[in-house]
Amino acid sequence: EQFLAKAKNDGTAAYVHGLVLMSLERPADAAARFAKAAEQGFDPVECKLKEAGAIRQTGRLDEAEKTLRGTGTEGARRAEYSYQMGCILADRGDTYGAIEYFERAVDMDPHHAQALFRLAGENALYGNDNEAIRHYEQALSKPPFHLGALLNLGLLYEDRGNYPAAAFCFKRVLSYDP
């Protein structure tokens with residue numbers, strides 16, 4: 001983060017800095033970096049989509065939705081748009097609407113790890129363990145591997161008595177975060 005904060009006039013660095021700030025749970029700062037990245041030539045639609053996600057995480061759902069919709073048809077054709085809209089709906093308590101958008105995101109990009117994670121979580125919440133396992137496995141089919149997906153998948157395997165698969169997941173989690 002410190003290195004990227006020093007980068008000036010580089011849209012790619014500003015975009016990656018926004019991603020880093022999101023992982024550090026600093027969404028307000030991240031939103032500003034995504035806006036800066038767009039100004040500096042990084043894909044403006046992608047930057048707006050990520051900016052909307054950062055705004056959403058600050059709790060400003062109406063503003064996040066307005067930012068998201070501001071990407072127009074170009075944004076709506078991207079999996080990230082559907083993922084972010086699903087998150088907004090989930091934050092508002094519209095579970096079924098959220099699931100529809102998460103499914104749309106996965107249809108557009110079968111490796112959208114965040115949409116797969118949220119979709120798996122919703123399925124697990126409603127007792128659809130087979131679907132949850134399928135989505136967690138799909139989320140873990142391509143790096144980066146998210147610890148939450150590994151942990152949740154391990155728990156589902158354990159519930160089913162598939163202890164070797166559960167142990168594999170838990171060992172992977174421990175190798176990243178002892």
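Colleague: Buried means under 20% relative accessible area, so with that cut-off, are Y83 and F102 buried or exposed?

Modeller: Bearing in mind that this is a predicted model, Y83 is buried and F102 is buried too.

Colleague: OK, and how many aromatic pairs are there?

Modeller: The count comes to four aromatic pairs. In one of them, the rings of Y15 and F34 have their centres 5.6 Å apart and their planes at 55°, so this pair is tilted.

Colleague: Where do Y15 and F34 sit?

Modeller: Y15 belongs to helix α2 and F34 to helix α3, so their pairing ties together parts that are 19 residues apart in sequence. Both Y15 and F34 are buried, and together with F42 they form one aromatic cluster.

Colleague: Back to Y83 and F102, what is the geometry of their rings?

Modeller: The ring centres of Y83 and F102 are 6.0 Å apart and the planes stand at 35°, so that pair is tilted as well. Since Y83 lies in helix α7 and F102 in helix α8 (residues 95-108), the pair ties together parts that are 19 residues apart in sequence.

Colleague: Changing topic, how much space is in the largest pocket?

Modeller: The largest pocket holds about 850 Å³ of space. It is lined by 27 residues, and those closest to its centre are K50, Y83, A113, Q114 and H146.

Colleague: Which elements give two or more residues to that lining?

Modeller: They are α2 (11-23), α3 (27-39), α4, α7, α9 (113-125) and α10 (129-139), with α4 supplying the largest share, namely five residues.

Colleague: And what is the make-up of the lining by class?

Modeller: Sorted by class, the lining of the largest pocket has 11 nonpolar, nine polar and seven charged residues.

Colleague: Let's look at H112 then, where is its place?

Modeller: H112 is in the loop between α8 and α9, and it is buried because its relative accessible area is 8%, against a cut-off of under 20%.

Colleague: What does H112 touch, leaving aside neighbours within four places in sequence?

Modeller: With those neighbours set aside, H112 is in contact with A79, E80 and Y83, and this Y83 is one of the residues closest to the centre of the largest pocket. As for Y101, H112 is 11 residues from it in sequence and 12 Å from it in space, taken from C-alpha to C-alpha.

Colleague: One more region, which residues of α5 are buried?

Modeller: In helix α5, which covers residues 61-69, the buried ones are L61, A64, E65, T67 and L68. Looking down the axis of α5, these buried residues fall within an arc of 160°, so they line one face of the helix, while D62 and K66, on the other side of α5, are exposed.

Colleague: Why would a pattern like that come from places three or four apart?

Modeller: An α-helix has 3.6 residues a turn, so residues three or four places apart point the same way.

Colleague: What do the buried residues of α5 pack against?

Modeller: They pack against α4 (44-57) and α7 (79-91).

Colleague: E65 is a charged residue, so is it buried or exposed?

Modeller: E65, whose place is in helix α5, has a relative accessible area of 16% and is therefore buried. Leaving aside neighbours within four places in sequence, E65 is in contact with M85, I88 and R92.

Key
Residues are numbered from 1 along each chain as its sequence is written. This is a predicted model: local features need pLDDT of at least 70, side-chain atom pairs count only at pLDDT 80 or more; totals for chains, interfaces and linings use all residues. Side-chain values use heavy atoms; hydrogens and water are left out. Buried means under 20% relative accessible area, exposed over 50%, partly exposed in between (1.4 Å probe, protein chains only). Helices (H or I, at least four residues) and strands (E, at least two) are DSSP runs, numbered from the N terminus. The arc is that of the directions from the helix axis to the C-beta atoms. Contact means heavy atoms within 4.5 Å. On a 1 Å grid over the protein atoms alone, a cavity is a set of points where a 1.4 Å probe fits but cannot get out, and a pocket is an open set with protein on both sides within 12 Å along at least five of seven lines; lining residues have an atom within 4 Å of a point. Grid points are joined across faces, edges and corners, and a volume is the space filled by probe spheres set on the points. Ala, Val, Leu, Ile, Met, Phe, Trp, Tyr, Cys and Pro count as nonpolar, Asp, Glu, Lys and Arg as charged, and the others, Gly among them, as polar. Rings of Phe, Tyr and Trp (its six-membered ring) pair if their centres lie within 6.5 Å; planes under 30 degrees apart count as stacked, over 60 as edge-to-face and the rest as tilted.
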